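Please read this briefing alongside the sequence and the 3D view.

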Amino acid sequence: MTKWGKAALAAVLLLGTATPAWAAEETPWVEKAQHRGLMFGDTNGNFHELDALTRREAAMIVANLLHAIPLTMKTKPSFSDVKMGDWAYGAIEALADAEILRGDEQGRFHPDRPITRQEMAVLLVKATGVGTEGETADFADEETIAVWAQSFAHRAAGLGLIDLAGEHFKPHNPVIRRDAAKMMVKTMDVHAAHQSQIAGVWQTIMTQTGAIRDKNLQAYLGTLDPAHQEFIAERKNWFLDLTAHAELIEEFDLKPIDVVRLDDQTVLVKFEQSYTMNGEPYQITYQERFIKTENGMLDSDLNFETLETEHYSIKYLRPDREVAEKIAVDAELAYDQLMEQLEDKRLGKKTTIKLYDDLELLRQSVKLSFGWRFSGWYEYSESIKANSLRGSAANYSIIIGHETTHEITIAIANNNLPYWYAEGLAVHYSGQQTAPWDGTLLSLPELEAKNLETMTAGVDVQQYYTVCGMVVRFLSETYGADKVKALTAELGTFPFGAGTIAVRDAENKQKFHTAAPKVLGVSMEELNTSWLAWLKALE
C-alpha cells in the first residue's frame, strides 16, 4: 500500500512523468523499451536479449522509468556493497529512499546477481504505486514463492506486468533482458495510468474539502458517482447536517492517508476524519472507492461487496461475508413478517442494506451531530444502514424489520411522518422488544417535544422507543389497526416533504395534528386524554 505522500513514489521522484504513447502492437517489446529510453544495448548495438538482467540494471531501468532524481551525493550508502562511484549508485539510492528497493538482512544489495522473477515482481509493483490489493487464483507453484513476495507476485500477474508459464509463476527463475523489456514497458504504462488516476482523485478530494469549507452543496454533490443515487442522498444529508451545525461541530478535518489503485477504473483511498463536538474529540479511518467516469474520478462510497436477495441488495465490507449471508436470510424473514401487516407500494424496488462493522463509522457516516451510537438507520431515498458487529450467529430480523418499516411507512406518508410516530410504527410493526415501560405518564405533547438525536442517556433512549411503540399500540387497540394504516396514508396526501425526518419534524407534527382528528374522529386534546387514561390502566 502506497502512502499518500508517496502516491507513486517519493516526493523527490516523479513530477514530470508523462504518459507514453504505445508503439504499434506488432513492434517488438525490445524496440519499445529502447524507443522509450528504458533499455539500451552495448556500444556495438547488441541487446543481449537472452542474458540475465542484474539487480543493478533493473534498478537503473526503473529509476529511468520513474524519472527519479539520482541521489549521487548521498554520503551514507543504503547498502554495504553499493558504494559511491558505482555507475548505478544514484539510481539505487533514489529507489531505496523511496522504499522501492531493499537488501538482505545484512544490508547488502547484491547488485551483480541476476534478478529473479519474484524480486522483479516486488520492484515493478512498488514502482507502479498501485499497491498489492487485488485477487488472482493461486499459482501451481504458490508454495515456492517467498512470503514477502506472494502478494506482489499476484498483483504483478494480475496487472499483466509479468507473464505466467502456464499456471506457474516460477519465482526463482532469473529474468532475461528480452522479458525485462516487456515488463518495463508494461510497468511504465501502468505507472502513467496510475499517476493520471491519482491526479484525478486528488482533484476530487480537493473539490470536496473546498465545498465543505465554502458550504457549497452543489459542488460537493458533483464529486459523487451518479450511478449510486442512494449514496448521493446520504451524502447530501450528511453535508447539510455538517454545515448546519458549524457551532457544534468544530475543527472538522478530512485528509487522505493511503491510496491504492485496484485497476484502470478504481482507486481506493483511506481517509482520516476528525472533529470535536461539545469538547469531545472524534476520529475514524475508512476506505472510500473512487470510480473513473466521463466526469473524472468520482467518489463512489465505501469499498462494499454486494449480495443480492429477492427484496434486498446487501452491501458489506469484505470480512463480513458470513454475516451478510446471515442477514440475507433474516432480512427476507423480516420482510415476509411485515407483509402480513403492511402493503409494500414500492413496485418491486429492492431495498439496499449497508452493513457497518464499526458503530462510530456508522454514526459518522449518517450524522456527525448525532449524540449517540445507534445500530440501524434509514432516511427517505437512502439505504438502510445496520450494525453487523454481533456476528453471524445473531438474529438481525428485528433491526432489518424496524428499518424496512421506516422505508415503507415513510414512503406511504410521503415523508410526512413526525419523528415519534415514525419510530412508534417501526417498533410496533417489527415486533421490537423494547425496555419495560418505567411508569411515567408522558403526554403526547411531552413526547412530541423530545429530541431523540440529542439524547445521551441510554435509559432515555430506551424509554423513548418504548413509549413511541406504546402510542401506536394504543392507537391500534383503541381505534383499530386499519385506522393506524389510514392515518399513515392520510399523511401521504400532503405534498412531499423534502429533507430528513429531524429537519421536517416540526412541520410533520402539524400535519399529524390535522390528519389524526380527520381519521380518528377525535381532537388532539381528546386523543391525549384517551392516551393518558390507557396508560393509567396499565399501572
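The points below take up the domains, then the cavities, then the salt bridges.

This is a predicted model. The protein chain is assigned four stretches as domains: domain 1 (29-189), domain 2 (195-302), domain 3 (314-409) and domain 4 (414-538). The structure also holds three cavities of 30 Å³ or more, and a search of the whole structure finds 29 salt bridges.

**Domain 1 and domain 2**

- Between the C-alpha centres of domain 1 and domain 2 there is a distance of 35 Å.
- Six residues on the domain 1 side are in contact with six residues on the domain 2 side.
- Domain 1 and domain 2 bury about 450 Å² between them, and carbon and sulfur atoms give 47% of that area.
- On the domain 1 side, the residues that lose the most area to domain 2 are Val130, Glu133 and Arg155, which together make up 76% of what that side buries.

**The largest cavity**

- The space in the largest cavity comes to about 120 Å³.
- Its lining consists of 14 residues, and those nearest the centre of the cavity are Arg235, Glu288, Asp301, Leu302 and Ser365.
- Two or more lining residues come from each of helix H8 (229-244), strand E4 (280-293), strand E5 (296-302) and helix H10 (359-366).
- Helix H8 gives the most to this lining, with four residues.
- By residue class, the lining of the largest cavity has seven nonpolar, three polar and four charged residues.
- Domain 2 (195-302) and domain 3 (314-409) each supply at least three residues to the lining of the largest cavity.

**Salt bridges**

- Across the whole structure, the search gives 29 salt bridges.
- One of the pairs is Glu272 with Lys255, whose closest N and O atoms are 3.5 Å apart.
- Glu272 belongs to strand E3 (residues 266-277) and Lys255 to strand E2 (residues 249-261), so this pair ties together parts that are 17 residues apart in sequence.

Definitions and conventions. Residues numbered from 1 in each chain as written. Predicted model: local features only at pLDDT ≥ 70, side-chain atom pairs only at ≥ 80, totals over all residues. Heavy atoms only, no water. 1 Å grid on protein atoms, 1.4 Å probe; cavity = no way out; pocket = protein on both sides within 12 Å on 5 of 7 lines; lining within 4 Å. Points joined across faces, edges and corners; volume = space filled by probe spheres on them. Nonpolar A, V, L, I, M, F, W, Y, C, P; charged D, E, K, R; others polar. Domains from an automatic or database assignment. Contact = heavy atoms within 4.5 Å. Buried area = accessible area lost by both parts, 1.4 Å probe. Salt bridge = Lys/Arg side-chain N within 4 Å of Asp/Glu carboxyl O.
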